[in-house]
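Open the model in your viewer and keep the selection tool at hand. The stops below say what to select next and what is there.

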Amino acid sequence: MSFIPRRGLSTLIPPKIASPSGIGAAQDAARMERVVSFYEKLPRGRRPDEQPKGLFERYQARYFGKNPSAAPLAHFIGAMMVIGYAQHYYFHFRHHKNNAH
């Protein structure tokens, strides 16, 4: 009965892969020193946030990012009004420019 808990505990403890003999390297640990120096050069902590580069990415970061707002809805409504007026002008108002209807 004591074999089962001991076996369960052994799966939680990782094997000793960091020792030079565990890797199969030379006993002088030169290869291990290269591995350690590689991991020492890696950056620590959180990765810094990337700055948006393009127009769409800056718009998305500003209005949909950490502090979202309803401004894109107002921008959409304004754009639809401008497009609607441009279409109305093109299809109707331009004919009334010089003479009455």
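Start by selecting L73, F76, I77, M80, M81 and I83: these residues make up a nonpolar patch on the surface, and their accessible area together is about 620 Å². F76, one of the patch residues, is part of helix α5, which covers residues 71-91.

Now show the whole chain as a cartoon. This is a predicted model, with five helices and zero strands. Read from the N terminus on, the order of elements is α-α-α-α-α. Colour by pLDDT: the average for the protein is 78, and 69% of the residues score at least 70. Confidence is highest in α5, with a mean of 94, and lowest in helix α1 (residues 3-10), with a mean of 53.

Switch to a surface view. The protein exposes about 9900 Å², of which carbon and sulfur atoms supply 62%. How many of the 101 residues count as buried? The share is 5%.

Next, the aromatic rings. A search of the whole structure finds four aromatic pairs. Select Y59 and F64, an edge-to-face pair with 6.4 Å from centre to centre and 65 degrees between the planes.

Then move to Y90 and F91. Their rings also form an aromatic pair, edge-to-face, at 5.0 Å centre to centre and with 85 degrees between the planes. Is Y90 exposed or partly exposed? Y90 counts as partly exposed because its relative accessibility is 45%, while F91, at 61%, counts as exposed.

Finish with the charged side chains. The whole structure holds two salt bridges. Select R47 and E50 for one of them: the side chains meet at 3.7 Å, N to O. Both ends are on show, R47 being exposed with a relative accessible area of 65% and E50 being exposed with 62%.

For another, select K66 and D49, whose side chains meet in a salt bridge at 3.5 Å, N to O. Which parts of the chain does this pair link? K66 sits in the loop between α4 (55-64) and α5, and D49 in the loop between α3 (30-41) and α4; the two are 17 residues apart, and the pair links distant parts of the chain. K66 and D49 are both exposed.

Conventions:
Residues numbered from 1 in each chain as written. Predicted model: local features only at pLDDT ≥ 70, side-chain atom pairs only at ≥ 80, totals over all residues. Heavy atoms only, no water. Patch = residues over 30% accessible without salt bridge, like charges linked within 9 Å, V, L, I, M, F, W, Y side chains within 5 Å. Areas by Shrake-Rupley, 256 points an atom, 1.4 Å probe, with all protein chains shown as cover. Salt bridge = Lys/Arg side-chain N within 4 Å of Asp/Glu carboxyl O. Helix = DSSP H or I, 4+ residues; strand = E, 2+ residues; numbered from the N terminus. Buried < 20%, exposed > 50% of the residue type's maximum accessible area, 1.4 Å probe, protein only. pLDDT = per-residue confidence, 0-100. Phe/Tyr/Trp six-rings, centres within 6.5 Å; stacked < 30°, edge-to-face > 60°.
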